[in-house]
Every structure is written in C-alpha cells, then in structure tokens.
Amino acid sequence: MEYPTPYVRIDLPTVRANLLRLAEFATARGLHVRPHAKTHKLLPIAAMQLDAGAHGLTVATMDEAEVFAAGGFKDLFIAFPLWPTAQLKERIAALIDQGCSVRVGVDSTEAAAGWAGVEGLELMIELDSGHHRSGTLPERAPAIAHVAQVGGVRVAGVFTFPGHSYGPVAAHSASKDELATLTAARTCLGDAGFEELVISGGSTPSAFESSEELDEIRPGVYPFYDAQQLALGRCTEADIALTVVATVVSKREDLGTFILDAGSKNLGSDKPAWVDGMGRIKGHPSARIVALSEHHATVRWEEELPALGSRVEIIPNHVCLVPALASRVIAVDGDCERVWPVDA
C-alpha cells in the first residue's frame, strides 16, 4: 500500500537482527539488557525486546510507565529523577498495586525523603559518570540511601547514563568512566552497610563496550540506529531499521538541491557538531539534508536529481525524536505491512 507521506517506516527483520546482536553480546558478558523504551514508545517493539531476552523495560516518564504497564509490561525502571509529588506517589502506588515492580531514579536526599511511605517502591541512585546532567557523586550515595531507608523505601542499586559516549571515539573512555563511577558508588554504599545492589549503565554508543562487572545495560537507540550512530561508526546503513519516507515536492537543478515534505516536525532538529547535516538519505551515502524547516527538508544531492513525486527514505539524526512526533508507524515484515499506533 502507498501511504501518504511523510510517514515512519520500521523494517522488522532489521530490528530483530539488531536485538539479537546485542542479546548475544550481553549473554556472553553475563549482562542483563533493560532497554530504554523512550526510543520507540511501541508495545510491539517492547515485546520483541523481551522475546530477545530483555529483563524488563526502562522508561523516562510516568506516562510511559503507565502505558507499558497497561500493555502487560510489569518490570519497569523510570530512569529519571522524578520529583515525588503527592500525585506521582499515588500513580506509582497504583502501578505497584497492579502487580508492577517499579524502580525510580533519585539523586538527592530531598527526593529520597519525598518518596517515603510508598510501599513496594524501590529507588535507584543516579550517578554522574561524566555526562554532567542529573546524577550525584559516588561519595554522596550513602546519605541518599540512608534517608530512603529511614523512610521505608529500599535502594535497589545505582545507575548512570554515560551520555558523553556521544562523540567521536568517546565510547571507550565513557565506558571506563561509567565503570569507575558505578564501582566507586558500590564500594561507598557497601562500606555503609548497603549491599546486593544492582549496577546499571549503558548507552547505545557504549553498549558494546560495557564491562562484565555491570549487572544491566539500558541502551535505547539500538533497535533502530540513526545518522548519529552512523557518524560514530556504531552501525552500518544496513543496520538502520527506522526511516521517514518522504516525497520530492520541489527541486532546483541550478543549486543541486531538492525539497522533501518532511521537516523538523517529523524528524526533530538535533544536530550535534560532529554530525554532517540534518539527516541522511538511505541508499545515497553522499546526500545530506542541509536545512530543515517545520515541513521542508532541503537535500544536497550530488547525483541527477530525483523526479518530482518520487519518494526517498530519510535516516534521521536522532531516532528517539521521531516516534515522539508521530501518531503511527508502518511496520514492514517482508510482504506484510501493519499500521501501529505510537502507544506512549
């Protein structure tokens, strides 16, 4: 079927191959995979991840947790330092009452104190391993754990996001930072009497650098990959499973450019300094999206310009933005095509 453009296309055989590759690596290292579902926001992809051996899901928001719980996924880690308002505590408690295992990120004694009284909730202390976003230092973890303990909430472990792996040749050093930070926190907590802790890390660029000393990794992008991962050398074009199909609606022979009917409202507008262009065109390695408006993509093309009305597949720079901007995707499995709503 020819769907109106722009639309999101997911190639399921490629997704399966990507999931299997990480699963085999994790099994060989003795690691659990707890994939970050914020990338895809799709119940069927989450099911594929669990079928490939994943142990529970990671999510970023309370809404995502509720959607995946309603879809039957009961082992959830909200890897974000949610602020414990009365409403959020009620919603977390409701998930636990429904039989969910729920963990929430925390990086301060104030937040740890705020979660007191939520029976069955477990906290994961977030650490800053070099990305310098949210997260605390290893030596501060025992104080957070103690406050949680006083409030009757168990600390299940520690986690970090080595986001500084997103840079040329940065994955190896970020993985070393990740391991050093997590093991330092485990030592500090062990000295304070907190033991049997889950050690959780991982990002897609650093996933295949993960140490066997970790317990679990939480990559998100790896089912689909994207132009950022191509630029980092973490995948090949054959590994790209999600594209945005767009139509050539205008062209300029004199400039060597054409316009597609997909813009920042479909692709997002992320462009790290080390990425060339605002997106790529599948099957045409030299082509680049050189400008984005809300509904236009300007493509620089070194070949004969495609015909008006023809279609191309865009490889987005940052794939996590695309499902968040779409209401549905087209899942392709050989000759079978399915329309999936974006659940979360």
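Student: Where does Pro6 lie?

Tutor: This is a predicted model, in which local features need pLDDT of at least 70, side-chain atom pairs count only at pLDDT 80 or more, and totals for chains, interfaces and linings use all residues. Residues are numbered from 1 along each chain as its sequence is written, and side-chain values use heavy atoms, with hydrogens and water left out. Taking helices (H or I, at least four residues) and strands (E, at least two) as DSSP runs numbered from the N terminus, one finds Pro6 in the segment before strand E1 (7–11).

Student: Is His132 buried or exposed?

Tutor: His132 is placed in the loop between E6 and H6, and its phi, near 60 degrees, is a positive value in a residue other than glycine. Buried is taken here as under 20% relative accessible area and exposed as over 50%, with partly exposed in between, for a 1.4 Å probe and protein chains only. Because its relative accessible area is 65%, His132 is exposed.

Student: Is Tyr225 buried or exposed?

Tutor: Tyr225 lies in the loop between strand E9 (216–217) and helix H8 (227–232), and its phi is near 60 degrees, a positive value in a residue other than glycine. Because the relative accessible area of Tyr225 is 2%, this residue is buried.

Student: Which helix packs on the sheet and touches E5?

Tutor: Eight strands form an open sheet in the order E2-E9-E8-E7-E6-E5-E4-E3 with parallel pairing, where two strands pair if DSSP finds at least two bridges between them. Strand E2 (32–33) and strand E3 (57–59) are at the edges with a single partner strand each, so one side of each is left without a neighbour in the sheet. Strand E4 (residues 75–78) runs parallel to strand E5 (residues 101–106) over four bridges, with Asp75 as the bridge partner of Ser101 in E5. Contact meaning heavy atoms within 4.5 Å, the helix that packs on the sheet and touches E5, strand E6 (122–127) and strand E7 (154–160), with a direction at about 165 degrees to that of E6, is H6 (residues 141–150).

Student: How many residues of E5 are buried?

Tutor: E5 is joined to E4 by four bridges and is also touched by H6. The strand is mostly covered, and the number of its six residues that are buried is five.

Student: At what angle do helix H1 (residues 12–29) and helix H2 (residues 43–51) pack?

Tutor: Two packed helices are described by the angle between their axes and the distance between the axes. Axes are lines fitted to C-alpha atoms, for helices over the stretch in contact, and angles run from 0 to 180 degrees between N-to-C directions. The axes of H1 and H2 are 10 Å apart, and the helices pack at an angle of about 40 degrees.

Student: Which residues of H2 make the contact with H1?

Tutor: Angles under 35 degrees count as roughly parallel, over 145 as roughly antiparallel, 65 to 115 as roughly perpendicular and the rest as oblique, and H1 and H2 are therefore oblique to each other. A crossing is left-handed if the near helix is turned anticlockwise from the far one by less than a right angle, and right-handed if clockwise; H1 passes H2 in a right-handed crossing. On the side of H1 the contact is made by Leu12, Val15, Arg16 and Leu19, and on the side of H2 by Ile45, Met48 and Gln49.

Student: How do the axes of helix H3 (residues 62–70) and helix H4 (residues 86–97) cross, and at roughly what angle?

Tutor: The crossing of H3 and H4 is left-handed. The two axes come within 11 Å and cross at roughly 20 degrees.

Student: Which residue in E11 does Val248 stand opposite?

Tutor: Strand E10 (residues 242–252) and E11 run antiparallel and are joined by four bridges. They form a hairpin with four residues between them, and Gly256 in the turn has a positive phi of about 70 degrees. In this pairing Val248 stands opposite Leu260.
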